[in-house]
Amino acid sequence: MKYYSTRDNQLRISAAEAIKMGLSRDGGLLTPCEIPQIDEAFLKKLLPMRYQDRAAAVMGLYLEDYSLQELTAFAENAYGPDKYDSPAVAPVRTVDGRTHCLELWHGPTSAFKDMALQMLPQLLSAALRKTGEEKTVCILVATSGDTGKAAMEGFADVPQTKILVFYPKDGVSAIQELQMVTQAGDNVGVCAVVGNFDDAQTGVKRIFSDAAMRETLEGRGYFLSSANSINWGRILPQVIYYISAYCDLVRDGKLAMGDKVNFCVPTGNFGDILAAYYAQRMGLPVGRLICASNCNDVLTDFLRTGVYDRNRPFHNTMSPSMDILISSNLERLLFDLSGQDDAPVKEYMVQLAQSGRYEVSGAVREKLQSLFWGGFCGEEDTAATIARYYRDHHYLIDTHTAVAAQVMDQYRRATGDETVTVFVSTASPYKFCNHVLSAIGETPESRGVELIGQLQSATGVPAPSRLAELKGKERRFDRFTEKDGMDGVVLSFLS
Ligand SMILES: N[C@@H](CCOP(=O)(O)O)C(=O)O
């Protein structure tokens, strides 16, 4: 299967090349030319399998230039017991008869990003071999908190790679920041940007498409790629867990094969919910995709009106990983809903860059609204939802998961839809101890990593060991830059 770009549907490159490049040279997102179809027979085969084997089977549908043997080995490495504290890898926890929670934070950095970022370095290293690449790849990452740490954890000391992460100064949680600035590895770098996540992501994308920068780096033996969800090698491993969750529900008698399920996904960059959309496009019986935002509600408005308008205040919230107003992966959805026509997509993206706003055609809006439903959850409701889940279910959820849980309720009230719904839990509550403690009625007694013990004592819920181990770790990075200085940081990192 070949890959093309959302801004050039005549392009044809292999999966290995797409993963190696990360982003198309034309600024578009690399996307499979066909969506492989799955049926009940395929799902039945997956039912008794472990997550690792399901992962290899699903990825094999898209990555024709990788053998099943390779993919199986990658999945064993990515999701083994040395990495995941749950043998199920992505367990589905039942809240009530028609509500389940897909927990995606059992990996090494306690966020859903591990699900893809324990896999991507292996796919990328193989891509370097398969394409005969001799230069070193430098992965540039923009993060609003979770991707940066997960990407560094995955790429640390991987041969022929370097990784540089930009995060918004004062825009991530204390524990997310500590996770990043204490990262081990000789090939890693971290830099705060004075600005928000959109500034960091726009800066990274600008560097990617800067021909002069590319030439300079080539002369030094480097080329750039991405570990953000703009890389297809990030999205594909995320498709797996939606299919796997469905199989778990059927296997455990919570759903009959063929019955539809809704997914409610907290999302900022639109990558996680896009993966659910691909699962649905492949033939997974999915009803509605519920897109949950915090008060950075640009996606809610877009799904309700067809107008994307980022000209609005940027809020720093207690769910910082979703503090985003430019959602990169929407571009893949628009391309698909436009019948894989690159012309309208290019036009939307030019308008977005020039005025921060675009409006999709009536036909695209109708398709969007039949597939998706958007809602947002403010700060008070986020805290109240954490408190409610803890009180009613003794279930401790993080701020992002709470946004999803609350928007799921809004959806049910607004539509009366009683379809079984899985809401997605994207991070451990221990990454956001201060807000979680306050939400459950405790007064945080200190800050940052010091609060892990307090949350554990207050709730009896065990903290992920890797987070507990952060205490006392040496801070290796303290660099920061204005957004205009990001190029200089890249050049000095790759000097
Ligand atoms: N929520 C992200 C922001 C980047 O999104 P990605 O899915 O494109 O990597 C984060 O936590 O960094």
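Thr-136 has Tyr-222 of S9 as its bridge partner, and strand S6 (residues 136-142) is joined to S9 by 5 bridges, the two running parallel. The model is a predicted one, in which local features need pLDDT of at least 70 and side-chain atom pairs count only at pLDDT 80 or more, while totals for chains, interfaces and linings use all residues. Residues are numbered from 1 along each chain as its sequence is written. Strands (E, at least two residues) and helices (H or I, at least four) are DSSP runs numbered from the N terminus, and two strands pair if DSSP finds at least two bridges between them.

S6 and S9 belong to an open sheet of 5 strands in the order S9-S6-S7-S8-S16, with parallel pairing. Because strand S9 (222-226) and strand S16 (480-482) stand at the edges with a single partner strand each, one side of each is left without a neighbour in the sheet. From one strand to the next the twist averages 30 degrees.

Strand S15 (residues 421-425) has 5 of its 5 residues buried, so the rest of the structure largely encloses this strand; buried here means that 20 or more other C-beta atoms, placed from the backbone, lie within 10 Å of the residue's own. In a regular strand the side chains alternate between the two faces of the sheet. In S15 both faces are covered, with Thr-421, Phe-423 and Ser-425 buried on one side and Val-422 and Val-424 buried on the other. Strand S5 (residues 99-103) runs parallel to S15 and is joined to it by 5 bridges, with Leu-102 partnered by Val-424. Strand S10 (residues 261-266) also runs parallel to S15, through 3 bridges, and Asn-262 stands opposite Thr-421.

Turning to the helices, helix H4 (residues 68-78) and helix H6 (residues 120-130) pack at an angle of about 145 degrees with their axes 9 Å apart, where axes are lines fitted to C-alpha atoms over the stretch in contact and angles run from 0 to 180 degrees between N-to-C directions. Glu-70, Phe-74, Asn-77 and Ala-78 of H4 make the contact with Gln-122, Leu-123 and Ala-126 of H6, contact meaning that C-beta atoms, placed from the backbone, lie within 7 Å.

In helix H20 (residues 451-459), the residues Leu-451, Ile-452 and Leu-455 are buried. Seen down the axis of H20, its buried residues fall within an arc of 110 degrees, so they line one face of the helix; the arc is that of the directions from the helix axis to the C-beta atoms. Their cover includes helix H19 (433-439) and helix H21 (465-468).

Note on methods: Two residues are in contact if their C-beta atoms, placed from the backbone, lie within 7 Å. A residue is buried if 20 or more other C-beta atoms lie within 10 Å of its own, exposed if 12 or fewer, and partly exposed in between; C-beta atoms are placed from the backbone.
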